[in-house]
Each structure stands twice: as structure tokens, then as C-alpha cells.
Amino acid sequence: MSILEIIFSSDFFFTSIRLMTPILFAALACMTFSKGGIDPIGTEGIMLLCALAGPVGGYFTGNAVGGVLTAMVVGVLMAFVFGYFTLILDTNPVLAGIALNTFSGGLTIFLTYYLTGNKGSTQSLNSPVVPNIDIPLIENIPVVGAIVSGHSILTYVSLILVVLLTLFFWKTPYGVRIRAVGENEKSAASVGVNIMKYKYISLLIAGCLAGLGGAYMSMSYVSMFSRDMIAGRGWIGMAAESMGFGIPWRITGSVFIFGMADSLAIRLQMLNLPTQLISCIPYVVTIIAISIYSWQRSKVKKKKAE
Amino acid sequence: MFKKKLSAFLALALASAMLVGCGASGNDSAQAEGAAETDDSKPSFVFVCTGQLGDKSFNDSANAGIEEIAASLGCETRVIEVGRDQTKWEPTFQDLAEEGEYDVIISNGSSSIETIQKVAEEFPEQKFVAFDCTIENDKYPNLYAISYKQNEGSYLAGVLAALVTKSDMENANADNKIGFIGGSEHPIITDFLVGYIAGAKSVDPDIKVYVSYIGSWDDTAKGKETAIAQYNQGVDIIFPAAEQAGLGCVEAAVEMDKYIIGVDSDQSMLFAGVDEDKANVILTSVLKNVGDSLVRMANMEIEGTVPWGSYEELGIAENGAGIADNEYFQKNVPDDIKSVIEEKKQEVIDGNVEIPTALGDADQAEVQALIDSVAP
């Protein structure tokens with residue numbers, strides 16, 4: 001088995017898409033936060049709480065939709081709490097974000113223990129999962145079908161959301177106003193835009209997105225919540241957001257690069273290469289990608305200056 | 001004004017939530033255990049739990065051992081749940097040693113051995129037992145440490161895996177490939193690995209062992225992904241030693257109709273009655289029998305044979321390590337495989353096989369050579 005065989009297999013791309021989905025949700029949430037001028041630093045913690053809320057909500061309502069909705073509601077609540085502290089009480093967003101992240105790390109363990117008597121995971125809670133679906137017609141196309149079809153419903157939702165959010169932020173008055181608020185509060189206020197209203201709208205959307213990301217982790221990727229299961233995906237989402245300059249299709253591209261790097265690292269271990277070398281692939285790819293992007297950006301800036 | 005009130009209320013709510021949290025986790029309530037038939041002439045034991053009961057792993061196993069000591073040996077026992085707050089450990093040990101109410105103080109050495117050593121020096125009259133750690137021999141004459149030979153348990157797991165992959169069991173394929181997944185590279189994990197490889201090679205010298213590391217102990221999703229990648233290469237049974245992240249491997253096994261070997265706690269019994277699909281793919285689990293080792297120690301204390309001042313490594317022969325024999329093992333593993341495992345187990349007990357280890361002064365080059373010898 002050679003490296004090329006590994007990369008040019010439909011399984012490799014299928015896995016990359018599965019790996020990128022939670023990061024894409026995180027990146028879209030970060031993008032929405034940033035568009036409204038809010039620091040996205042609490043995304044990791046919000047996702048973690050939502051990852052617990054999903055299976056718990058699903059268990060009590062008895063169906064997956066209930067679980068996903070619970071996760072989204074918790075996501076919105078946490079986003080509002082973050083917003084309340086940073087916007088109304090004027091807390092330093094970095095501190096509020098760190099507080100939120102450590103808070104959810106502890107609260108999720110406490111709640112897991114309270115609900116299941118087990119501190120590590122909700123494995124004893126037999127919670128519903130979001131099903132995977134085969135797309136008719138496309139699933140029969142060779143190669144493409146094997147890559148594109150058969151993913152979780154939430155994966156398709158994330159890709160549809162990329163299109164919807166692009167339309168929302170660039171084609172609707174609400175979206176454009178959110179961007180205006182985020183880019184320059186004072187000028188937005190000077191033309192009579194209600195800043196707080198639009199900030200809260202962006203918190204609402206971002207909370208929902210983080211909720212979907214959390215629900216994907218614990219209701220689709222695996223079928224239970226386990227301690228610290230987001231494992232940095234919220235942070236990688238933040239990185240992908242800035243790598244993509246806040247533009248949805250570019251963000252999707254950077255997230256896909258992260259997904260491929262992870263997928264490659266997992267597969268290369270089979271080739272009996274040193275693990276230390278392989279585990280750093282995703283990080284090396286990140287550094288290279290960021291370098292290329294910033295090099296491009298500096299070139300664009302130079303052109304503009306001329 | 002309203003906002004002020006609201007913020008004060010929120011702050012209060014958060015503060016009280018914190019207190020509630022502390023109350024539940026830092027609970028140092030003492031529980032008297034089975035003091036029904038105690039005998040003053042027998043030694044008494046106190047288990048200081050430096051974590052929480054309910055972890056379905058070491059602490060619960062130790063607690064079961066303490067209950068067993070009280071029930072079957074009739075000794076006075078007590079469990080004190082100190083919690084993870086390290087600042088409380090030393091005063092607790094000191095108080096207990098000062099009172100001198102209990103003959104032996106037991107604790108989980110993997111986290112608290114330094115504190116125990118310090119207090120043991122302060123109170124040379126008090127006996128201490130630390131499990132899951134090693135100590136310098138003869139330095140602390142009132143301290144006895146118990147460590148477990150995980151390589152022996154995983155040796156049997158390797159035997160099982162190699163037999164399963166060759167068998168005509170429902171989910172086994174024609175390839176003689178088995179898998180091992182670690183959380184990250186760590187001497188103890190390598191010790192699991194070399195035992196596993198040795199066991200597998202004892203059945204089939206040409207077996208191929210796929211080895212992967214998740215790079216995290218918590219990332220369940222990545223654990224699942226890593227297991228799927230191995231199963232896609234034709235592996236049909238995986239032994240993941242990766243704590244929480246290993247739960248993801250169990251999910252992968254269910255999804256792809258393959259097998260898994262649990263670790264640390266009897267994982268199929270954790271899923272029993274909750275998720276039968278998961279319980280059924282876990283053929284067995286590699287265990288450290290903390291509880292049994294404490295009962296053994298209590299028996300030795302009654303007889304006066306505890307080797308104070310040194311540590312003992314308990315393996316299969318002493319029932320300190322082994323694999324879980326539960327209803328799922330009985331139901332899902334064919335009888336011919338079970339009998340081979342029983343033979344191998346007897347060989348280990350009789351000392352007829354030398355199981356390699358990656359701990360202590362093991363030759364790392366030899367360890368690597370063993371891993372390379374089964375690389376696909």
C-alpha cells in the first residue's frame with residue numbers, strides 16, 4: 001500500500017468529509033460571531049455543552065430531532081450568556097471566553113455524573129442518533145457516489161448552511177446590517193442601526209450553529225457524550241475562520257484541508273511510519289496553509305497600495 | 001437598577017452552582033462499611049479514595065475489595081472519599097495516622113504516592129498500602145506497594161485476538177490481521193502492546209499487528225475514526241488502550257460488525273442491559289484486579305506475611321491482572337478458543353512463558369524489534 005493509494009481512494013475523501021463536519025459547524029459559528037463583532041473565543045465551550053445537551057435531550061424526548069433542538073437551544077442560551085457578560089456587563093471577552101470554556105468542562109462532567117452515575121460518558125443513556133442517508137441517483141455514480149453519499153444528515157445540513165449563510169450575510173438587509181455592526185459599530189449606529197439587536201441576532205445564529213456542531217459530535221459521529229469530546233475542534237474552527245477570511249466558501253475550503261490532513265494522519269499510521277512525525281501533519285498543514293494565505297493577502301494589499 | 005439586580009442574582013446563582021459542585025465533588029463524608037461482624041483481634045483497614053467512587057474503574061474496584069475484606073474476613077473497614085483536591089490528602093493521611101485507629105491505610109498510589117511516602121516517614125508506626133505504583137525497596141519500612149502486570153493481561157488478550165482472527169467466527173475475516181490502538185505513546189501503553197503482540201505471536205508467529213495512536217485520551221470521535229481505518233485494512237479485532245477515546249473504537253466495531261477488547265474496567269458489563277450491540281462486540285476486557293489484590297493483602301496481613309518496605313508486581317498467578325470472564329465472553333467466544341486461553345493462562349501461572357515488558361530496565365531496542373516483527 002502506497003501513499004498515493006491511500007490518498008486517491010474514495011474512502012479517504014469520505015473520511016475527510018466526516019472529519020470536517022464538526023469543524024465546519026464550529027467555523028461557521030465563529031464566522032457568525034465575528035460578523036457581529038463578537039469574539040468567538042467561547043465556541044469550544046458552547047459546543048461541549050451542546051454535545052452533552054444533544055444526547056440528554058434526545059433521551060428525554062425520545063427522538064433525534066428533540067436532541068438536536070435541545071442542543072441548539074442550549075447553544076443559543078450559552079451564546080446569550082456570553083453576550084450578556086461581554087456586551088452588557090462589559091467583561092473582557094477573552095476572560096469571559098476562558099471562563100465559559102472551563103465552566104463547561106466542569107459542568108458537563110458534573111451533569112454527566114448526576115444523570116448517569118458515570119463521570120466519563122453518557123454510555124448508559126441509550127440516546128437516539130441522527131441517521132446517515134444515501135442520496136438517490138448520486139449514490140449510483142461511481143467514485144463520486146461513494147464520497148458524497150452516505151453521510152450524516154447534519155453533514156448535508158452544514159453544507160447547505162454554507163450557501164444559506166452566504167446569501168444571508170451578503171444578500172439580505174439583516175445580514176448586511178450585522179456585518180456593518182461588526183465592522184464599525186459607530187458608523188452603523190450613526191445611520192440608525194440598532195446595534196444590540198443585530199449583535200443578539202448574530203449570537204442567536206452562532207449559538208444554533210455551535211449547537212449543531214456539538215450535536216453532530218455526540219449524536220452522529222459517535223452515539224454518546226464523553227468528557228472533553230470536542231477536543232479542540234472549536235479552536236480549529238476559529239483558525240479555519242480566519243484562514244478563510246470570513247468568507248463562507250473559503251472557510252469550507254480551509255476546513256476541508258484540515259479534514260484531509262487529519263484523515264491522512266490516521267491512514268499513514270498504517271504504513272508504520274514514526275507516529276510522532278505523523279501526528280504533527282495536521283499542524284504542519286495548518287502552518288503551511290496560513291502562510292500561503294497571508295502571503296496572498298500581502299500581495300493583494302501591495303497591489304491595492306500601488 | 002433592574003440590570004444591577006439581575007447581575008447580582010446571576011453572580012449569586014453562579015456562586016451557588018460552584019458551591020453545589022464543590023459539595024458534590026469534594027465530599028469527604030466518611031462511610032462506615034459493613035461493620036457488622038468486626039473482630040478486635042483482626043487488623044482494621046481504611047481506604048482513602050483520592051478521587052471519587054463511581055468511576056467504574058480503579059476506585060470502585062478498590063471499594064469492592066474493601067467491602068469484601070469486611071464481609072468475608074470480618075475486619076473493620078472504612079472508606080473516606082477525599083476527592084481530587086490534593087491539598088486535602090496530606091492532612092487526611094496525617095489525621096488517620098495520628099489517631100492510629102486503623103492498622104492499615106490504603107490509597108491509590110498512582111496519584112498520591114509522594115504524599116503517602118512523606119506521611120509514612122512521619123509516622124513510622126502506621127502501616128500504609130499504595131496500589132498501582134512502585135516504590136524504592138527498603139526505604140519505607142512501613143509501606144507496601146502493589147503494581148499490576150498489565151502485560152500479562154494483554155498477553156491473554158493477544159492470544160484471544162490471534163485466535164479470533166483465524167477462527168470462522170461470524171465477524172472474522174480471512175486475513176490474519178489484528179489491531180492495537182493507544183491513546184498516545186507512553187511506557188505503560190507500550191507495556192500493554194508488547195504483551196499483546198507476544199500473546200498473538202504465541203498463537204501465530206506470522207500474525208500482523210496494526211498499531212495506531214489516537215493522540216488524545218478524550219477524543220472519542222478520533223478514536224472511532226482510527227478504528228474504522230484499521231478495520232478497513234482487514235483487521236477484525238482491536239485492543240484499544242485509550243481511556244475515553246477507546247469508547248469511539250467500540251462504536252466503530254458495532255458499526256462495522258467487528259470485535260473489540262476492552263480495558264481497565266469490564267466494559268461489556270458496563271454496556272450490559274443498556275446497549276447490547278456494544279456489549280456483544282466486546283469479547284473480553286483486560287483488567288487490573290485492584291479489589292482482589294487488596295483482599296490478598298488483607299489475608300497476608302492477618303497471617304503477618306505482607307512484605308513491608310517493598311513492592312510486589314501482581315500478575316495472573318496472583319489474580320492481580322487478567323481478562324474478564326463474563327456472560328458475554330462465555331456467550332460469544334467459541335469453546336475451543338476458551339480452552340486455548342485457559343491453557344495459556346495456566347502456562348503463565350506456571351511460569352513457563354516469559355512475557356516481554358516495556359517497563360523498568362527493558363531494552364527499548366528489543367521492544368521496538370518486537371513491534372516491527374509483526375508490522376504489516
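These questions and answers set computed values of a predicted model against the definitions behind them.

In this predicted model, local features need pLDDT of at least 70, side-chain atom pairs count only at pLDDT 80 or more, and totals for chains, interfaces and linings use all residues. Residues are numbered from 1 along each chain as its sequence is written, chains are lettered from A and ligands numbered from 1 in the order in which they are written, and side-chain values use heavy atoms, with hydrogens and water left out.

Q: Why is A:Leu137 called exposed?
A: Exposed means over 50% relative accessible area, buried under 20%, and partly exposed in between (1.4 Å probe, protein chains only). A:Leu137 has a relative accessible area of 72%, so the residue is exposed.

Q: Why does B:Pro124 count as exposed?
A: The relative accessibility of B:Pro124 is 55%, so this residue counts as exposed. B:Pro124 sits in the loop between helix H4 (109-122) and strand E5 (127-131) of chain B; helices (H or I, at least four residues) and strands (E, at least two) are DSSP runs, numbered from the N terminus.

Q: What makes A:Glu185 and A:Lys199 a salt bridge?
A: A salt bridge needs a side-chain nitrogen of Lys or Arg within 4 Å of a carboxyl oxygen of Asp or Glu. The closest N and O atoms of A:Glu185 and A:Lys199 are 2.7 Å apart, and the two form a salt bridge. The pair links distant parts of the chain, with A:Glu185 in helix H9 and A:Lys199 in helix H10, 14 residues apart.

Q: What makes B:Lys224 and B:Glu255 a salt bridge?
A: Their side chains meet at 2.6 Å, N to O, in a salt bridge. B:Lys224 lies in helix H7 of chain B and B:Glu255 in helix H8, 31 residues apart. B:Lys224 has a relative accessible area of 3%, so this lysine is buried. Both residues belong to a network of salt bridges that also includes B:Glu251, B:Asp275 and B:Lys278.

Q: Why does B:Glu152 count as buried?
A: B:Glu152 has 12% relative accessibility, so the residue counts as buried. Its salt bridge partner is B:Lys149, with the closest N and O atoms 3.7 Å apart. B:Lys149 is at 23% and therefore counts as partly exposed.
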